[in-house]
Amino acid sequence: MDLAYTDEEEEFRARLREWLTSVLPGLPEKPDPGDWPGRRAYDTGWQRLLHDAGYAGLNWPADAGGRGATPTQHLIFLEETERAGAPYVGANFVGLLHAGPTIAAEGTAAQRARWLPPVLRGDEIWCQGFSEPDAGSDLASLRTRAVRDGDDYVVSGQKIWTSHAEVADWCELLVRTDPAAPKHRGISWLAMRMDAPGVTVRPLRTLAGSTEFAEMFLDEVRVPVSHRVGAENDGWRVTMVTLSFERGTAFVGEVVACRRTLDALAAEARHNGRWDDTVLRRRLGRLNAEFRALWRLTQWNVSEAQSTGGVPGTGGSVFKLRYSHARQELYEAAAEVLGAGDALDLDREWVLDRLSSLSYTIAAGTSQIQRNIVAERILGLPKGR
Amino acid sequence: MDFRLTEDQRALRAGIRELLAGRFDRDRMRAALDGGGDIGRELWRELGTAGLFALRLPETAGGVGLGLPESVLAFDEIGRALLPGPLAATQLAAGVVKGAAEGEAVVALAEAGRPVGHLAQADALLVLDGDRARLLTGGVLRQVAGEARPVRSLDPGTPLWRVPDLAAYDGEPLPNGARVRREGALLTAAEQLGSAARSLESAVQHAGQREQFGTPIGAFQAVKHLCAGMLVRAETARTAVYAAAVTADPVEIAGAKLLADDAAVGNARDCLQVHGGMGFTWEADVHLHLKRAWLRAGQWLTAADAQEALAADLA
Ligand SMILES: Cc1cc2nc3c(=O)[nH]c(=O)nc-3n(C[C@H](O)[C@H](O)[C@H](O)COP(=O)(O)OP(=O)(O)OC[C@H]3O[C@@H](n4cnc5c(N)ncnc54)[C@H](O)[C@@H]3O)c2cc1C
C-alpha cells in the first residue's frame, strides 16, 4: 500500500504543472453551451495544444501515437489538469477515451495509422452510435443492418442519444451483419464517416435545454469493409473492450472536479450563512468523505490496472455506480446551499450542472445494468432470465 | 504509487486469518457469545504472542515494528471473525500498560456518556475525553468497577456497564490523546470493514444456494442488486480505510470511519434481508454483525463528529 509518488512521477507532475501555468492564461473565452461550432473549435484547440506539448493520448500505447505513460502518470495528468481548471475533454470524449483506445487495441496497422493521429491532434471528432430506440440497456438487440455489397457495407437503421453527433467526423457504429445469428454473435463494429451520403442527424433537446445528443438516421449509407474493426460478426467482443474503457477510466478526472465544486459550495455556504445549518453542513462533510473515497477508489483501480497492463477491470463498474449517485447528491446539496431563489436560476452554473447530473445514472450503462454486472461478474451470482 | 497490498502485507493478513480460523472458528465464536462475551484470556494471550498488540511498537521496545496499514489489515480480519473485546484500546495502550503488548492485560475503553464494554475483565481503562486520554488502573479502576452497574447489552459479544462520572477519577495521562482517538477510530473502521465484507460473503453464499420459484434467489435482480450495493459499499469503504492508514491524515480518518460504519451497518441489514426469515433468527450470525456494527459506530468517532471534521476541512 503505497500512495507516495515516485521521483519520476513527481517530476512529471512538476513539468505538467509548469506547462499548464504557461498555457492556460492564453486560452480563448469558453464558448456558449449552445454554440456548437464554437465548442468544437474550443475543444479541438485544447487538444492541439496538448498534442504539441506531448500530452495527447498520454496513456495510449506508443505505437498508437500515444506516450505510453503508466496509468499512474495518466492519473496525475487528470488530477493536475482538473486542479488547474484546464478545459475538459469535451467533444473529444469518444475519440480519446474509448473509440481511440479500442482502435489501438483491436485495429489493424492501417486503421491505427488512419484514425489515431487525427484524434490526438484534435483534427477529427468521434461520436458513439451504439444505442438505438429499441436497444439501450439491451444493446445487443440492436437492429441497424449492414449488408455486404462488394467492398462496402450498406447500412440502414436508426441510432439515438448520440452525443456530439452534430460536430462529429466519425462514428463508432454497431451494426448487425448477421441477422440469423444469436443476437450477440451477428454484430460488427464499424467506423462511419458522419458526412457520408444517407446520414441524417437530428438534434434532441435534453432536459437541460441543450442539444448534447441527437438522433441519427442511416439510409443506405456505404461504409467500406476496410472500416470494420475486428472480424465480421465479432463486434460484441470489440464492444466490450470499448465499454471497459468507457466505464473504467473515462470519469476519473471528474472526481477531482467534484471536489473543487464541493469546496466552492462550502465557500458559498459560509458566505451566505447556510453554513450555520447543522444538517446541511454535515451533509457537505459527508460528501467530502464520499469524494475523497472515490479518489482513493480511483487510485486503487489504477493500481490494479497497472498490474494488468492498463486495461481497466470490473472495478470501473463499482466506481461508476458509486460516483454517478454521489454526483447527483452533490448537486442536490448545491441546491440547498443556493437556497430557494438561486436554485431556480439557470444562470447559476450549479443549477445547470444539477440538471446534467441527472444523466449520470443512465448514460454509459444505467445503475441497474451496472448492478447486474457487479453481481454477476464480480460476485458470481447466477445470471437472471 | 502502487496502492495494492505488498507481498508481506498479504502474508500478514493471511496469517491472521489462519490464526483466527484455527482458534476462533464459528463454534468458539458462538460459545464466547453464549458465555456472555468472555474475551477468552487464552486467545488474548495467543494474539499477544502472535504480535497483534505489539504490532506497532518499535522492535527496540520488543514490538514488531510495523505500521498503521498492517494494523488495519489485522483488524479487518478481526472484524470479519467477529472477535470480541477491546482490541483497539489494548493495542493503543501497548507499551504503556504493563502486559498489554503481550496479551496479558486487557485495556477497556471508556467514553463520556457511553457504557463501558468488558469492564469486569479489564486490567486498565482507557478514558477518552475530547482530545485527552488517560489510563485508570489499580485501586481507582477497582473503585470504578465497584460503582458500575451492568447493562443488558444489545451486543451479546460485548458485556456493558454504566460507570460513574469518570471526571472525578484520577488517572495517568496518555500523551497525544487526539492521536489515540484517531488511531482508535481507524482500527475500529477496519473492524467495520471486515464485518461488512463478511456480511457480503454470507449474503452472496445464501443467495447462490437458497431456492425459491425453482431458481436460486440470487438470480432475481432484486436480490442481486442488494448484493451489488453491498459490494460497492464495502469496496468504497475499504479504499478509504486503507488510504487513511497510509496517510494517517485526521480528515481522511474521519471519512474512513464514517464510510466504514455505513458499510458495516448497511451490509448487515441487507444481508439480513437476503436471508429472509432465517435472517431474523438468533441462529443466523447476521444479527451479531449488525449489533457489533452499531456498537462500533458509536465508538471513538461518531458520525456527527466525523461529519463536522470533514466539513471543517472544506474551503
Ligand atoms: C446524456 C446521455 C448521453 C448518451 N450518449 C450516448 C452516445 O453518445 N452514444 C450511445 O450510443 N448512447 C448514448 N446514450 C445512451 C445510453 O447509453 C442509454 O440511454 C442507456 O444505456 C439506457 O438505455 P435506454 O435509454 O434505452 O433505457 P432503457 O434500456 O429503456 O432503460 C429504461 C429503464 O429500465 C431499466 N432497465 C432496462 N433493462 C434492465 C434490466 N435488464 N434490469 C434492470 N433494469 C433494466 C433501466 O435501468 C432504466 O431505468 C446516452 C444517454 C444519455 C442520457
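This is a predicted model: local features need pLDDT of at least 70, side-chain atom pairs count only at pLDDT 80 or more; totals for chains, interfaces and linings use all residues.

Me: Remind me, what holds strands of a sheet together?

Reply: Backbone hydrogen bonds, with the strands either parallel or antiparallel.

Me: Switching to helices. At what angle do α7 and α8 of chain A pack?

Reply: About 160°, with the axes 10 Å apart; α7(A) is residues 252–272 and α8(A) is residues 278–307. Anything over 145 degrees counts as roughly antiparallel, so that is what α7(A) and α8(A) are to each other. The crossing of α7(A) past α8(A) is left-handed.

Me: Which residues make that contact?

Reply: From α7(A), they include A:Val255, A:Leu262 and A:Leu265, and from α8(A), A:Leu287, A:Phe291 and A:Trp295 are among them. By class, the contact of α7(A) with α8(A) has 12 nonpolar, 2 polar and 2 charged residues.

Me: What does UniProt list for residues 6–123 of chain A?

Reply: "domain: Acyl-CoA dehydrogenase/oxidase N-terminal", from an unreviewed entry. In the model, residues 6–123 of chain A are 63% helix and 0% strand, with the end C-alpha atoms 34 Å apart.

Me: And which residues of chain B get the N-terminal annotation?

Reply: Residues 6–90 of chain B, according to UniProt (unreviewed entry again). That stretch of chain B is 62% helix and 0% strand, and its end C-alpha atoms are 26 Å apart.

Me: Where's the C-terminal domain in chain B?

Reply: UniProt puts "domain: Acyl-CoA dehydrogenase/oxidase C-terminal" (unreviewed entry) at residues 185–293 of chain B. Residues 185–293 of chain B come out at 82% helix and 4% strand, with 13 Å between the end C-alpha atoms.

Me: Let's stay in chain B. How do α1 and α4 sit, roughly?

Reply: α1(B), residues 7–23, and α4(B) cross at roughly 30°, and their axes come within 9 Å. Under 35 degrees counts as roughly parallel, therefore α1(B) and α4(B) are roughly parallel to each other. α1(B) passes α4(B) in a right-handed crossing.

Me: How does that contact split into nonpolar, polar and charged?

Reply: For α1(B) with α4(B) there are 8 nonpolar, 1 polar and 6 charged residues.

Me: α4 also packs on α7 in chain B. What's the angle there?

Reply: About 45°, with the axes 7 Å apart; α4(B) is residues 68–81 and α7(B) is residues 177–209. That angle makes α4(B) oblique to α7(B). Among the residues in contact are B:Val72 and B:Phe75 of α4(B), and B:Leu186 and B:Ala190 of α7(B).

Me: Now the strands in chain B. What order is the sheet of 4 strands in?

Reply: β1-β3-β4-β7 of chain B, an open sheet with mixed pairing. β1 (107–111) and β7 (172–174) of chain B are the edge strands. On average, neighbouring strands of this sheet are turned by 30° against each other, direction ignored.

Me: How many bridges between β4 and β7 of chain B?

Reply: β4(B), residues 132–137, and β7(B) are joined by 3 bridges and run antiparallel. B:Leu135 stands opposite B:Glu172 in β7(B). α7(B) packs on this sheet too, touching β1, β3, β4 and β7 of chain B, and its direction makes about 105° with that of β3(B).

Me: Last one: what's the order in the sheet of 3 strands?

Reply: It's an open sheet ordered β2-β6-β5 in chain B, with antiparallel pairing. β2 (116–117) and β5 (149–151) of chain B each have a single partner strand, so one side of each is left without a neighbour in the sheet. β5(B) pairs with β6(B), residues 160–162, over 3 bridges, and B:Val151 stands opposite B:Leu160 in β6(B).

Conventions: Residues are numbered from 1 along each chain as its sequence is written. Chains are lettered from A and ligands numbered from 1 in the order in which they are written. Side-chain values use heavy atoms; hydrogens and water are left out. Axes are lines fitted to C-alpha atoms, for helices over the stretch in contact, and angles run from 0 to 180 degrees between N-to-C directions. Helices (H or I, at least four residues) and strands (E, at least two) are DSSP runs, numbered from the N terminus. Angles under 35 degrees count as roughly parallel, over 145 as roughly antiparallel, 65 to 115 as roughly perpendicular and the rest as oblique. Contact means heavy atoms within 4.5 Å. UniProt positions are given in the numbering used here, feature names are shortened, and annotations may be inferred rather than shown by experiment. Two strands pair if DSSP finds at least two bridges between them. A crossing is left-handed if the near helix is turned anticlockwise from the far one by less than a right angle, and right-handed if clockwise. Ala, Val, Leu, Ile, Met, Phe, Trp, Tyr, Cys and Pro count as nonpolar, Asp, Glu, Lys and Arg as charged, and the others, Gly among them, as polar.
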